[in-house]
Amino acid sequence: MTTQQETRPAAAAKPVRWAADTVATMREGARLRLDYSAQSLWSVDRMIEGIRSEGAPRDAVEQVLRGFGAYAGEVIVRQTGAEWWATGGDHWIRTPDGRLWDPIDEARRCFAGHGSLRLLCRDATGGVTSPRS
């Protein structure tokens, strides 16, 4: 059924591909190495800000924003064990604590000057504790 929610791996297929495409594009085109770390999101936020400051129309950069959002989502997934979910064509993640996050929309908000993928990641991973040695 198309109205049913899908969870990883089915829901993850598209955003994982979008994130990987973004990593490859940034490496080849902008010579920016994205390594799926929370620190790399500083660079992603700066890239989005640069695109916005150039005056690019949002429609022209929608796929780029989707890729950056999917990349940020994958950073959160890898750090927290979150899962991608999809419904009605939208993709979002659910962290193990049950909270829902929309990193693709956050990339759009970042482009509009009202969001930050770095801060989204910080908020989403803030409740995760790692075992101490």
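A residue counts as buried when its relative accessible area is under 20%, and as exposed when that area is over 50%. The legends below apply these cut-offs to a predicted model.

**Figure 1. Overall fold of the predicted model.**
The protein contains 5 helices and 4 strands. Their order along the sequence is β-α-α-α-β-β-β-α-α. Of its 133 residues, 41% count as buried. The accessible surface amounts to about 7,800 Å², and carbon and sulfur atoms account for 48% of that area. Among contacts between residues at least 6 apart in sequence, 61% join residues at least 24 apart.

The relative accessible area of S40 is 7%, which is under 20%, so S40 is buried. Apart from neighbours within four places in sequence, S40 is in contact with L34, D35 and Y71.

The model has 2 aromatic pairs. Y36 lies in the loop between α1 (13-30) and α2, whereas Y71 is in helix α3 (residues 58-80), so the pair ties together parts that are 35 residues apart in sequence. Y71 has a relative accessibility of 0% and therefore counts as buried. Y36 is also buried, because its relative accessible area of 17% is under 20%.

**Figure 2. The stacked aromatic pair W85 and W92.**
W85 and W92 form an aromatic pair with 6.1 Å between the ring centres. The angle between their planes is 5°, and the pair is stacked. Both tryptophans, W85 and W92, are buried.

**Figure 3. Arginine side chains over the rings of Y36 and W42.**
The charged end of R78 sits over the ring of Y36, at 3.6 Å from the ring centre. R118 lies over the face of W42, where the distance to the ring centre is 3.8 Å.

**Figure 4. The hairpin of strands β2 and β3.**
Strand β2 (residues 83-87) pairs with strand β3 (residues 90-94) in the antiparallel sense, over 5 bridges. T87 has D90 in β3 as its bridge partner. The hairpin has 2 residues between its strands, and G88 in the turn has a positive phi of about 60°.

**Figure 5. The hairpin of strands β3 and β4.**
Strand β3 also pairs with strand β4 (residues 100-101), in the antiparallel sense and over 2 bridges. Opposite R94 stands L100 in β4. Between the two strands of this hairpin there are 5 residues, and G98 in the turn has a positive phi of about 90°.

**Figure 6. Positive phi values at R31 and Y36.**
R31 is placed in the loop between α1 and α2. The phi of R31 is near 55°, a positive value in a residue other than glycine. With a relative accessibility of 76%, R31 is over 50% and so counts as exposed. Y36 lies in the loop between α1 and α2. Its phi is near 65°, again a positive value in a residue other than glycine. In contrast to the exposed R31, Y36 is buried.

**Figure 7. Cysteines C110 and C121.**
C110 has a relative accessibility of 8% and therefore counts as buried. For C121 the value is 2%, so C121 counts as buried. A disulfide is a covalent bond between the sulfur atoms of two cysteines. The structure holds 0 disulfides.

Terms used
Residues are numbered from 1 along each chain as its sequence is written. This is a predicted model: local features need pLDDT of at least 70, side-chain atom pairs count only at pLDDT 80 or more; totals for chains, interfaces and linings use all residues. Side-chain values use heavy atoms; hydrogens and water are left out. Buried means under 20% relative accessible area, exposed over 50%, partly exposed in between (1.4 Å probe, protein chains only). Contact means heavy atoms within 4.5 Å. Rings of Phe, Tyr and Trp (its six-membered ring) pair if their centres lie within 6.5 Å; planes under 30 degrees apart count as stacked, over 60 as edge-to-face and the rest as tilted. A charge sits over a ring if NZ of Lys or CZ of Arg is within 6 Å of the ring centre and within 35 degrees of the ring normal. Two strands pair if DSSP finds at least two bridges between them. Accessible areas come from the Shrake-Rupley method with a 1.4 Å probe; for residues, only the protein chains shown count as cover. A disulfide is a pair of cysteine sulfur atoms within 2.5 Å.
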